[in-house]
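Subject: Structure handover and notes

Dear colleague,

I am passing on the structure we talked about, with the sequence alongside.

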Amino acid sequence: MSETGEQMKKRRKQLNMSADELAEKLGVSRSTIFRYEKGDIDKVPAEYIDKLAKALSTTPAYLMGWEENLETDTDFIPKMMSNPNIVEHVKLLIELSESDKKSVFDMIEFLHKKGRD
């Protein structure tokens, strides 16, 4: 398996994304995705690396294996989506007025700071 293929598969799994979903985003077949991930195709064409990185919410450097640590602003989403309680509260939050949302956000920030003390 190529380094890029390994990173690609790892990131796809982190995002709970199917090979079909990734294939659709890239405009390639599902079998092409699997061939990249297994290393049957050694090198992902350069013109796909940026597109692939965007589809996987990461960087080209991570996919190439040049960066080990990957933290993005969206990495919490799969974890959040797997918790029905959080999802239900987010739905309720969206329906609040702007001033009530601000009150909720202020309370969250207060509790977060209090927890650090």
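This is a predicted model: local features need pLDDT of at least 70, side-chain atom pairs count only at pLDDT 80 or more; totals for chains, interfaces and linings use all residues.

Residues are numbered from 1 along each chain as its sequence is written, and side-chain values use heavy atoms, with hydrogens and water left out.

The mean pLDDT of the chain (the predictor's confidence in each residue, from 0 to 100) is 86, and 92% of the residues reach 70 or more. Helices here are DSSP runs of H or I with at least four residues, strands are runs of E with at least two, and both are numbered from the N terminus.

Two packed helices are described by the angle between their axes and the distance between the axes. The axes of helix α2 (residues 19–26) and helix α3 (residues 30–38) come within 8 Å and cross at roughly 105°; axes are lines fitted to C-alpha atoms, for helices over the stretch in contact, and angles run from 0 to 180 degrees between N-to-C directions. That makes α2 roughly perpendicular to α3, a label for angles of 65 to 115 degrees, with under 35 roughly parallel, over 145 roughly antiparallel and the rest oblique. In the contact (heavy atoms within 4.5 Å), A19, D20, L22, A23 and L26 of α2 meet R30, I33 and F34 of α3. These residues divide into six nonpolar, two charged and no polar, where Ala, Val, Leu, Ile, Met, Phe, Trp, Tyr, Cys and Pro count as nonpolar, Asp, Glu, Lys and Arg as charged, and the others, Gly among them, as polar.

Leaving aside residues up to four places away in sequence, L26 touches I33, Y48, K51, L52 and A55.

L63 lies in helix α5 and counts as buried because its relative accessibility is 0%; buried means under 20% relative accessible area, exposed over 50%, and partly exposed in between (1.4 Å probe, protein chains only). Although L63 and E3 are 60 residues apart in sequence, their C-alpha atoms are 7.6 Å apart in space. With residues up to four places away again not counted, the contacts of L63 include E3, T4, M8, I49 and L52.

I49, in helix α4, is buried at 9% relative accessibility, and among the residues it touches are T4, V44 and P60.

Most residues other than glycine have a negative phi. N16, in the loop between α1 (3–14) and α2, has a positive phi near 55° and is exposed at 58% relative accessibility. S57, in the loop between α4 and α5, has a positive phi of about 50° and is partly exposed, at 31%.

Best wishes
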